[in-house]
Amino acid sequence: MDRPRLLRYFRSIFATPPASKPIAHHLHWPDNSLHWLELKGRLHTDLQGRRHILGTVRDISLQHDERHNLLNQDEIVSNALRNTPDAVVISELAGGRFVEVNAGFESLFGWSKKDTIGRTPDELGLWIDPLERDQLREQLARHGSLSDFEAHLRKRDGSLCSCRFYSAPIELHGQPCLVTTLRDMSQQRVQEQALQDSRERLALALESAMLGTWDWHIPSDTLFGSARAAALHGLPAQSFQGNFRMFFASVHEDDREQMRRTYRELLSGKRDDYHTTYRSRFSTGEVHHLESTARLYRDAAGNPLRMTGILIDITERVVREQHLAASEEKFATLFHASPAPICVSRIDDGEFLEINPSFTEVFGWQPDEIVGHSAQALNFWSDIGQRRELFDQLARDQVLDNVLALFHTKHGQQLTCLISSRYIQVDGQRYITTSFHDITRQQQAAQALQASEEKFAKAFHSSPDAISIFERGGGRFIEVNEGFRRLTGYSTEDVIGRTLGDLNLWISPEQRQQMAEALERNGRLPRREMHLLDRDGQLKFAEVSVESITLNGCDCLLLTARDISELKEAQAQIQHLAYHDSLTNLPNRALLLDRLTQQIALLTRHDLRGAVLFLDLDHFKHINDSLGHPVGDAVLRMVTSRLQASVRREDTVARLGGDEFVVLLSGLEGKRAQVIRQVHLVAEQLRRRLAEAMLIDGRHLQLTTSIGIALIPDHGTSSDDLLKRADIALYRAKDSGRNSIHVFRSHMQALVSERLLLENDLRQALPRQQFRLVFQPQVDARSQKIIGAEALLRWQHPQRGELTPERFMQVLEESGLIQEVGLWVLRNACQACAWFLDEALIEPDNFHLCVNISPRQFRHYDFVEDVENCLKASALPAQTLKLEITEGVAIRNIEDTIHKMQRLKRIGVAFAMDDFGTGYSSLTYLKRLPVDTLKIDQSFIHDALLNSNDGAIVRAIIAMAHSLGLQTIAEGVEETEQLDFLQQEGCHLYQGYLFSRAIPPEDFHALLTATNTPDASKKNVHE
């Protein structure tokens, strides 16, 4: 209890009687709790005159605590306003006048607290956009507060800032107010804009450079590609995220292996960068050449983590290089016929590789005296230091043009030459080609006449270009040279004193005006192409340059014109080659698509019909493979001539490439049935015409043709659809036996779709373990012992059941999957056979595991290594393995075939010629191929007893094999009579249903146990 204060209060009442005087007092109650009390007392005198104090006591602890808390809160808010870096203001909710601002507001806006309190934002001019102010008020009115509202405000010095508002209502001294925090976002917005600008510049730079980007996360095999990178791989032109192999699915198989080798070299440290080129084939058949540069990143443990790279389409460059390669013969002719000395030398030591006759004429050395020797050894350069300098300049600039240098001839005479050098590729090696222009005499004359006008006159008149000098103002000719006469036909006497307008050389008013404006603007005109008419009215193209000169105080113009008419003709020829086939001069695919698009529009407008005939020469590849490409090219030119002679002038004959031609028929009238008959008649005439015998290089050749037809517009209104459907009809014609004509029908699309579906399923068969192997025993009829087995492939399709290779082998070959599946067959067959060997069921020298090898699999460059790896992995002895090849392997590059077979023969692998006698080339190559066994095709065995021809063929094969020391084995033996016939003719080895069907490895294991073990029964396995 505050006793002293209470006593002072009572004394004051006695001293000065108040009407009513309150006093706040606190007492300690017995429970030691603290309370605040309000005591009111009044002095009172009773009837006896005694004075008393009458009073009341009220507990005001709650009101006291509220006032105390309010004071504490005010102190907290005051500290927050002072210390926050943001601008904080308190304003009236109704009028918006500022009640309080902190130091952050003063720092941000430049207004002091004194200048701010009592004024509104409008009075301070803070708002820039009234619309933003109204939006803030509307949001406050709707929600009562602000959160994340952003607006632009003006500072006291007039500069602008972007602020984010956070507002909430409060009550200050009983008055409704609004406390607002303003955060300056200006610097953040500048940084965000800078980042956005940087990204846009990067995207623009990539787009301008036509670059695509990709990022491969190696552990997850996930690739991120830009839209352009996806488009360059035939995918939709949008950002790609998916499987690495899906992204590169369009890459040519040969190029994929090259990319793998480059990646392996990068991983092993053999190279520091990843730089490769490859081909990307779109679904339309279009091929693009791409160049990729990438960098490999590793994790902390040194393992590959990710690769990032860029892509660029280099198709145009590749095509250009191909055209340049085609002109190599022309270059060689020009090289030897050039009047200027030219030499080709090696880069590293300057050794001469080749010189032309002009070089011998100028410098004296014969080819056998200089080729193989270095320039330094022959003392060819007068100044060795200059040679090093020019070599460094060539390495830096990749080119030397008309550089002055001194040389020695064979006889020691010094010559001054202007040389021009370029790098060239010869057999994959880089060399330097240098042309020389001997200016010894010119330089001597120039040195003698350096200070005289004769020098200028001689250079002026001896220039091969047309040079003229005329007044700048009046345009009158002052002088022309001989080159001017050669170009225009006008002599000096014809033009001196006359003006450009008098001669009317420039036929284009627009070009004359552009030349005049350029001269007026720049005072000169560097290298502009212009058209002119010579004296005879012949149009010529000239490259014109004009320079300002002063002669005898007169402003003149020096005009130099170079005749580029031949260059323009060459460019026109290049343009022609871009749309025509170089071999046949027929329109190529690009020109065909353009004409087809025009025809579709024209036929639709005039309610007419047309047709697309897709032609393919049957087995044309055999001609290239057996007779060579020159004969094949001659055949294609003959086919072109016959096609052009067989169609109307308004029709189009085009070559798509290889042996594929397209004939576009237009302007066909009548109903659909009539048009089909008409088109079919034309197709039949073409087929018969192409089937006529050809005499080429003394050989009589005869071809058949398959033709697919699509009608316009019945089968499509776009060029791509029509070509695709004509191609589908062609595929149907080839599939039905070739040498036939088919018109597109809707069900053909379904057949193609079915094939595509089958191919897609095949691509999943190996990863999903749907393939399995079965083994058909090969038996010696004399002992009934199993002496071998042929491993055969089966596909357990999830919907179609078990499929034999006849159902899917063609698709497997055409899709390129045969390489991977064939290797799987070889690997698993070797492992199964090794199991039989471990179980002592077979002997390595008396048993052969026969595995079929497709031509495509055999031609793979790693084929021999694949076989060796399979043998090594399974520990199967090489002499147990026998590879069965067909004649299709032999007719493709016989030398490579023999080389691979001999490599495998050296380690013990045997070979059998499968389906022998079914091809035309068997006898041609049999004597050269190191085969051990001939397999007699089952088609001959089946009718050998019924058809005398088949029987004779079987006898001939057996007799030929015996004479060559080869083993024979018959396929498809199903009857005892067939086996008896074979044994009578000397063939005792066979396979077929007579002994056993093809069975799984486990059943074959049991069959070997029952047949080949010492305790096995001597009875037939079926008994």
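**A tour of the sheet around strand β9**

Select strand β9 (residues 211–217) together with strand β14 (residues 304–313): the two run antiparallel and are joined by 7 bridges. Strands are DSSP runs of E with at least two residues, helices are runs of H or I with at least four, and both are numbered from the N terminus. Two strands are taken as paired if DSSP finds at least two bridges between them.

The model is predicted: local features need pLDDT of at least 70, side-chain atom pairs count only at pLDDT 80 or more, and totals for chains, interfaces and linings use all residues. Residues are numbered from 1 along each chain as its sequence is written, and side-chain values use heavy atoms, with hydrogens and water left out.

Next, display Trp216, which stands opposite Met307 in β14. His217 has Arg306 as its bridge partner in β14.

Turn now to strand β10 (residues 222–225), which pairs with β9 in the antiparallel sense over 4 bridges. Here Asp215 has Phe224 of β10 as its bridge partner. A hairpin is formed by β9 and β10, with 4 residues between them; in the turn, select Asp221, whose phi is positive at about 55 degrees.

Then show the open sheet of 6 strands, ordered β11-β10-β9-β14-β13-β12 with antiparallel pairing. At its edges stand β11 (240–243) and β12 (274–281); each has a single partner strand, so one side of each is left without a neighbour in the sheet. From one strand to the next, the twist averages 25 degrees. Axes are lines fitted to C-alpha atoms, for helices over the stretch in contact, and angles run from 0 to 180 degrees between N-to-C directions.

Finally, select helix α10 (residues 253–268), which packs on the sheet and touches β9, β12, β13 (287–298) and β14; contact means heavy atoms within 4.5 Å. The direction of α10 makes about 160 degrees with that of β12.
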